[in-house]
Amino acid sequence: MLKRLYIDNFRCFVNFEYKPERKQLLLGTNGSGKSSLLEAVRAIKEFVLETSTGSKTIFDSTTRTRWQNVPTQVFEIAGEDKGRSFSYRIETTISEKSGVNEVSAEILTVDGAVVVTKSKEGTNLGDGPAKLVPVSPRVKDISLVHFAKDYESVKAFLQWIDTLYCLRINPAAMVDSAVSEAKFPTEDFANIASYYRYLIQNDPEGNLGLITDLKEVLDSFQTFQFEDSDAGRRLIARFGSSSTSINFSLNELSDGQRSLIALYMILHFLIAKGNAVFLDEPDNFISLREIQPWLLAAEDAVEESKGQLILISHHPEILNQWAQEYGVHFVREENGQVRPPKRFKTDMDGLLQPSEVIARGWENE
Amino acid sequence: MSSPSQIHILVEDKRQEMFIRRFLLRRGFDKRKMVFSPVPEGRGSGKQWVHANFANQVRVCRQRNSRASTSMFAMMDADELTVARCLSDLDNELVQSTQKPLDKIHDPIARLIPKWSVETWILYLSSIGASEPSISEDIPYKGSKTEEQWNELIPQASATLDAWSKSSAALPANLIDSLRRGLQEIPRALPAGR
């Protein structure tokens, strides 16, 4: 579970701290920083897990806050997983020579003990006092955690980082063929076929739940299967009855149908497995009738798995279901930076639904 | 597209919503068969919300029930009032909206009113068989546990509610009164054979 996030000098975040709860709904007008928050989490994950080419976002100096002229960006995350606690901080500073960001400081703490540090004074990989280590060009874009001596702690940290998912389903981007298996979904679920190809091998219980739910949601849906094609193994959805069936490739389904498939995959394969899922606008493309059943099932799955679900949405159904209990509000100051999020509240007790309060612009009063 | 919902649930807070949902899932209802009115705006206003919406939702339930099976659960905390007083207040809402009072035979509507709060029921239903102290309706338990602790008790509590709300169930001798009344209400809102 992600317990704390600190961002400084990244897009609209200046000295910004956020402590998410197990279930949370991020509210706010367009441009209030909600999606940028996911971008920051994704960038940290990308950088930490990437061992070859480095993260694009974390080294992109154009992501610095526009109205400041500060060279250093700071990202910090803290959380817990399987009884262990983690805290990780990375600072990047724009190089006067190259004009791109370089890692200027990094520190990983596991269970309160420092595992690896990098600062102006030097680098400590857990093998004694800090020392200045010449960094090869190959290594400079890679997180130092991969070189720490305490590999057991690093492994636990990486496993925790693996449980953080920042997703925004885009049915138009979905590719219906799988050349190989993918252990993780891409941010937009474009690799849905490859991801599902991995899941049917590795999570039959989750797959059973997925198929059961999809039979309820998609008219006359039967099951999925893979067929050989020139582009790899093509994901096919079978519809019909036991006597007659019609096969459709994933790309022949509607945007709404593909979004629902992705949502129920997220429910059964990620949320129900105790991961921390950030989901940006899950209501896109799906019919009103389908929102509440998914939302309530997701809420139960979070409780059972002790996972985490953080939603971004403007949809009235989601606002009305979640804003009162789990809503936090993102607002930008006049100077552009995002204020620390506050709990959603209003004095319209019993008179207006949250969506009505928000539609009137009264949520900040 | 999903089939139409069959059971409408009006509750005053998230914990009640989770409790009823778990009970209905346990009873074998698919999650698409139930639909919840959004939990009301603002904290502490739940009872007002249920009151404000009860008559209208009863009207909706009665009207649709003439063409398709439709039932309703309404839940609100009694707080410092008696359960009888709360039931009477809900009846008054119907009268004021020019509707007939609830017909216990023909209206598939259950009114669940735990004394003090739903936490009394959750604690009682989840502590059966354990060496817990007996639960009293004289004590408000709401603040005695964290949100997470309450949520952890809900699956067991809803499972016991499911078992006890069946016609063949043997009920404990010391059953708390508000729960006894609730158990009498539940079968009305469940389709025959459930």
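**Exercise 1.** B:Asp79 sits in the loop between strand E3 (71-75) and helix H3 (83-96) of chain B, where helices (H or I, at least four residues) and strands (E, at least two) are DSSP runs numbered from the N terminus. Work out whether B:Asp79 is buried, exposed or partly exposed.

*Solution.* The model is predicted, so local features need pLDDT of at least 70 and side-chain atom pairs count only at pLDDT 80 or more, while totals for chains, interfaces and linings use all residues. Residues are numbered from 1 along each chain as its sequence is written, and chains are lettered from A and ligands numbered from 1 in the order in which they are written. A residue is buried if 20 or more other C-beta atoms, placed from the backbone, lie within 10 Å of its own, exposed if 12 or fewer, and partly exposed in between. B:Asp79 has 15 C-beta neighbours inside 10 Å and therefore counts as partly exposed. B:Asp79 also has a positive phi of about 55 degrees, although it is not a glycine.

**Exercise 2.** Find which element gives the most to the side of chain A that touches chain B.

*Solution.* Begin with the totals: 24 residues of chain A are in contact with 19 residues of chain B, contact meaning that the C-beta atoms of two residues, placed from the backbone, lie within 7 Å. The elements of chain A that give two or more residues to this side are helix H4 (204-217), H6, helix H7 (316-326) and helix H8 (354-359). Of these, H6(A) gives the most, with 7 residues. Helix H6 (residues 288-305) of chain A also holds A:Glu303, which is partly exposed, with 18 other C-beta atoms within 10 Å.
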